[in-house]
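Please read the report below alongside the sequence and the model, taking one section at a time.

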Amino acid sequence: MNIDVGLPAEHGTRPKLGLARQRQGGSQAAREGCYPLVERQGIDAFMSLRLPEADADVLARRDEIVAAMRAIVPGEGVIDDPDMLRPYESDGLTAYRQPPMLAVLPETTEQVSLILRWCHDNGVKVVPRGAGTSLSGGALPLADAVLLGMAKFNRILEIDYLDRIAVVQPGVTNLGVSQAVADEGFYYAPDPSSQIACSIGGNVAENSGGVHCLKYGLTTNNVLGVELVMMDGQILRLGGRTLDSAGLDLLGVVVGSEGLLGVVTQVTLRILPQPEMARALLIGFSSVEAAGQCVADVIAGGIIPAGMEMMDRPAVHAAEAFVNVGYPLDVEALLIVELDGPENECAYLIGEVERIALANGAISCRISRDEEERLSFWAGRKAAFPAVGRLAPDYYCMDGTIPRRRLPQVLRGISEMSERHGLGVANVFHAGDGNLHPLILYDANQPGQLERAEAFGNDILRLCVEVGGVLTGEHGVGVEKRDLMPVMFSEVDLAHQQRLKCAFDPDLLLNPGKMFPVLHRCAELGRMHVHHGQVPFPELPRF
Ligand SMILES: Cc1cc2nc3c(=O)[nH]c(=O)nc-3n(C[C@H](O)[C@H](O)[C@H](O)COP(=O)(O)OP(=O)(O)OC[C@H]3O[C@@H](n4cnc5c(N)ncnc54)[C@H](O)[C@@H]3O)c2cc1C
């Protein structure tokens with residue numbers, strides 16, 4: 001299901017459709033922010049996506065921009081043919097699409113630096129892109145921006161087993177890193193489900209997570225250093241080859257910055273020795289409350305499993321029908337708990353988890369006897385998204401995080417919302433770290449269902465914040481959750497975050513329209529609001 005966000009102004013067509021945004025949501029400033037309104041066709045105007053207005057002057061200079069890019073990246077590295085640009089018009093948030101003005105595929109840091117400097121000097125926006133699997137629209141192009149594709153940065157530059165690091169280019173896939181070091185008994189721990197496709201650059205930008213992040217940390221805990229090209233073309237090196245480095249922690253700022261602060265051109269990663277053994281338990285419960293309590297008790301008991309995932313009844317049934325691995329079908333919730341480490345430690349911890357599960361009323365418990373069975377336990381979980389895809393023509397994957405002890409309350413809330421919005425939901429989540437992935441079921445061909453799905457999703461994220469959680473777990477803010485940021489952050493919080501953005505990119509040319517609900521000019525930040533795009537004292541120069 002695809003929906004056009006809009007077409008370049010040069011096509012003479014009014015932008016059409018966009019992302020849902022609730023009329024009641026956010027602060028007054030966010031509601032009246034200076035993004036132009038992009039309405040959905042035929043749909044109430046409050047269901048709308050606001051993106052920075054395409055700059056007619058930039059669009060008129062397209063040929064000149066293409067020529068400048070070709071002078072930097074010769075050969076096939078500059079794409080301006082509309083048909084060839086189609087693959088770039090969307091990312092993993094496929095409900096929205098927007099062809100870029102042009103795409104540039106550099107191969108060296110020097111080329112990235114020259115591209116950014118030229119765009120900076122000529123007022124042209126840039127949207128970085130890795131593999132395009134973002135689920136929050138982080139890599140969604142803009143009609144008047146250069147799409148900077150990093151796919152050709154696909155080399156592993158160095159592996160040092162003694163220091164346990166790998167230096168890679170950002171276009172290398174997440175799984176590619178583990179595969180490159182597997183023969184020596186090593187792996188890269190953060191493992192997003194999209195690891196076969198997503199790039200390390202995208203992982204850094206989104207601070208991606210996965211099943212094993214409960215024990216081994218998110219991307220931010222496994223990145224030691226980056227090379228970053230700023231919007232003005234300057235090349236920075238942040239962090240290094242060790243766990244800590246002197247000075248302000250700018251590396252911590254850059255990881256998770258969603259392509260807004262600079263373009264990552266090299267990454268130094270921690271690699272870990274593979275554990276001696278790993279075993280998993282498959283534990284069934286007659287209520288999600290009992291499963292949630294079991295999760296809380298395992299962690300409270302001082303056990304950090306390598307992974308602890310939960311699926312509710314609809315997800316279990318869909319997964320079992322998809323992979324036939326023998327999941328119990330008489331349960332309301334299923335936990336998969338993996339323990340790893342030396343054999344004795346693993347055996348002891350398995351006993352402890354089993355004891356806690358039974359104390360919480362587990363109605364079934366299987367322990368993997370060999371590697372094949374362990375992998376079969378995971379097969380259903382890993383196939384849960386495509387499996388849920390069989391339940392309805394479309395689903396909308398949400399991503400919020402809550403304190404673990406609130407799990408039963410939030411799941412009850414989601415179930416009530418499901419009734420209220422009249423849409424089904426299947427819950428799959430990283431239970432150990434409280435990261436929910438409710439999959440809202442809908443049919444885009446039924447009028448109004450997409451809007452109801454988006455309103456349902458917004459309600460879930462509001463509930464996450466209400467119970468002390470956060471708007472995102474691992475998928476980022478992008479455009480998807482941008483307008484909900486004021487639900488979580490005060491205007492002061494947001495202004496300070498944007499000040500940081502201004503320190504890296506004062507002209508707001510890098511990936512604009514993402515993450516921040518209101519586009520302040522850097523010179524004005526914190527001093528005045530721009531109301532309906534009318535800047536006070538417009539005659540004064542701004543810099
Ligand atoms: C089926 C599926 C399952 C998924 N499962 C998970 C999961 O388990 N855990 C998880 O965390 N995510 C998951 N995701 C989301 C997604 O895969 C991650 O966010 C991933 O890190 C995005 O990487 P990418 O290379 O595709 O980046 P893109 O989608 O291309 O870009 C994502 C963001 O990173 C920026 N960016 C990309 N490259 C660079 C660079 N070199 N320098 C600066 N900025 C850059 C872009 O501007 C954009 O803002 C899933 C997605 C899908 C489709």
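## An open sheet

Four strands form an open sheet in the order β3-β4-β6-β5, with mixed pairing; strands here are DSSP runs of E of at least two residues, helices are runs of H or I of at least four, and both are numbered from the N terminus. Two strands count as paired if DSSP finds at least two bridges between them. Because β3 (78–79) and β5 stand at the edges with a single partner strand each, one side of each is left without a neighbour in the sheet.

β5 and β6 (residues 145–149) run parallel and are joined by 5 bridges, and V126 stands opposite V146 in β6.

## The model and its confidence

This is a predicted model, in which local features need pLDDT of at least 70 and side-chain atom pairs count only at pLDDT 80 or more, while totals for chains, interfaces and linings use all residues. Residues are numbered from 1 along each chain as its sequence is written.

The mean pLDDT (the predictor's confidence in each residue, from 0 to 100) is 86 for the chain, and 87% of the residues reach 70 or more. Over residues 526–531 the pLDDT is below 50, and this stretch has 8 contacts in the model beyond near neighbours in sequence; a contact means that the C-beta atoms of two residues, placed from the backbone, lie within 7 Å. Residues 535–543 also have pLDDT below 50, with 5 contacts beyond near neighbours in sequence.

## Around the ligand

The ligand is surrounded by 36 residues, the closest being G130, G138, G201, G202 and G259; a residue belongs here if its C-beta atom, placed from the backbone, lies within 6 Å of the ligand. The elements that give two or more residues to this shell are β5 (125–129), α7 (200–206) and β12 (263–270), and α7 gives the most, with 5 residues.

## The nonpolar core

The largest nonpolar core has 143 residues, of which V146, V295, L335 and I440 touch the most other members. Such a core is a set of buried Ala, Val, Leu, Ile, Met, Phe, Trp, Tyr and Cys residues joined through C-beta atoms within 7 Å, where buried means that 20 or more other C-beta atoms, placed from the backbone, lie within 10 Å of the residue's own. Helix α16 (residues 449–466) provides the largest share of this core, 8 residues.

Leaving aside neighbours within four places in sequence, L335 is in contact with I283, A291, C294, V295, M308, M310 and A431.

Note on methods
A residue is buried if 20 or more other C-beta atoms lie within 10 Å of its own, exposed if 12 or fewer, and partly exposed in between; C-beta atoms are placed from the backbone.
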